[in-house]
Amino acid sequence: MIACILAALDNEDDRSFVEQLYLKNYGLMYKKARSILKSHAEAEDAVETAMLRILDRIPTLKACNAASQRSYLLTCARNAAIDRLRRDSKLDRFADPQERLDGVSDDSAAVDAALIRSEQIQAVAAALKRLAAAERELLKMKYFDEMSDAEIAQLLGVSRDSLRSRVNRARRKLGALLQEVESDGQ
């Protein structure tokens, strides 16, 4: 499908740029979409949708560094995957109501666990906002974008050992901020 996307571009420079973005980032985009959709075919479709969406933003992406480009592409892939889930849930409304209820558990412990998880996510988000931008971006690349140490080190132009030290410092700061956020909320 990438061939069709590339064929839609008139400018050879843009074609080459998009092809390189695709080749460099397909694996991470697919991994992100697959983690959301749990289906190989759906994840591939989400990546293709994400690539189509960036066609209007080629000049902006050209002006960005590789880390920003990757982050943007991963966000596009994630959003495309979520859009597919929403589309599927809309289609699911027309399914037999009994079939939908068969998969629902009336386990109140599961509801409590979901509420606790939601509160934890909110606390982490609040703590992340209080981190320095560089530390927040580093943790985002490592844990949300699921980039390897080697990839991050290469993007930042540092050694793996230096990167690991930075990640550990950022995690410790995040942990301390998380404790502050949780104690503020109580």
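The lining of the largest pocket divides into four nonpolar, four polar and three charged residues. In this count Ala, Val, Leu, Ile, Met, Phe, Trp, Tyr, Cys and Pro are nonpolar, Asp, Glu, Lys and Arg are charged, and the others, Gly among them, are polar.

Before we look around, a word on the model. It is a predicted one, where local features need pLDDT of at least 70 and side-chain atom pairs count only at pLDDT 80 or more, while totals for chains, interfaces and linings use all residues. Residues are numbered from 1 along each chain as its sequence is written, and side-chain values use heavy atoms, with hydrogens and water left out.

**The chain as a whole**

The secondary structure comes to ten helices and zero strands; helices (H or I, at least four residues) and strands (E, at least two) are DSSP runs numbered from the N terminus. Of the 186 residues, 30% count as buried, where buried means under 20% relative accessible area, exposed over 50% and partly exposed in between, with a 1.4 Å probe and protein chains only.

How confident is the predictor? The mean pLDDT of the chain is 81, and 84% of its residues reach 70 or more, on a per-residue confidence scale from 0 to 100.

**The largest pocket**

This pocket holds about 230 Å³ of space. Here a pocket is an open set of points on a 1 Å grid over the protein atoms alone, where a 1.4 Å probe fits, with protein on both sides within 12 Å along at least five of seven lines; lining residues have an atom within 4 Å of a point. Grid points are joined across faces, edges and corners, and the volume is the space filled by probe spheres set on the points.

Helix H2 (12-37), helix H5 (66-92) and helix H9 (149-156) each supply at least two lining residues. H2 gives the largest share, five residues. The lining includes Phe-17, Leu-21, Asn-25, Arg-70 and Glu-151.

Gln-69 also belongs to the lining and lies in helix H5. Its relative accessible area is 11%, so Gln-69 counts as buried. A polar atom of its side chain lies 2.7 Å from the backbone oxygen of Leu-61; such a polar contact is a pair of N or O atoms within 3.5 Å, and within protein one must be able to donate a hydrogen and the other to accept it, with residues adjacent in sequence counting only if both atoms are side-chain atoms.

**A walk along H2**

At the start of H2, a side-chain oxygen of Asn-11 reaches to within 2.6 Å of the backbone nitrogen of Asp-13. Further on, the helix bends by about 60° at Asn-25, the bend being the angle between axes fitted to the seven residues ending there and the seven starting there. Asn-25 is one of the buried residues of H2, as are Phe-17, Leu-21, Leu-28 and Ala-33. An α-helix has 3.6 residues a turn, so residues three or four places apart point the same way.

H2 is followed by Lys-38, which sits in the loop between H2 and helix H3 (40-53). Phi of Lys-38 is near 65°, a positive value in a residue other than glycine. Most residues other than glycine have a negative phi. With a relative accessibility of 61%, Lys-38 counts as exposed.

The remaining stops are in other helices. Ile-5 lies in helix H1 (residues 2-7), Lys-140 in helix H8 (residues 133-144), and Leu-174 in helix H10 (residues 160-185). Ile-5 is buried at 2% relative accessibility, and Leu-174 is buried too, at 17%. Lys-140, with a relative accessible area of 23%, is partly exposed. The table pairs each of these residues with a partner from another place in the chain.

| Residue pair | Distance along the chain | C-alpha separation |
|---|---|---|
| Ile-5 and Arg-15 | ten residues | 8.7 Å |
| Lys-140 and Leu-128 | twelve residues | 9.5 Å |
| Leu-174 and Ala-127 | 47 residues | 6.3 Å |

Note on methods: pLDDT = per-residue confidence, 0-100.
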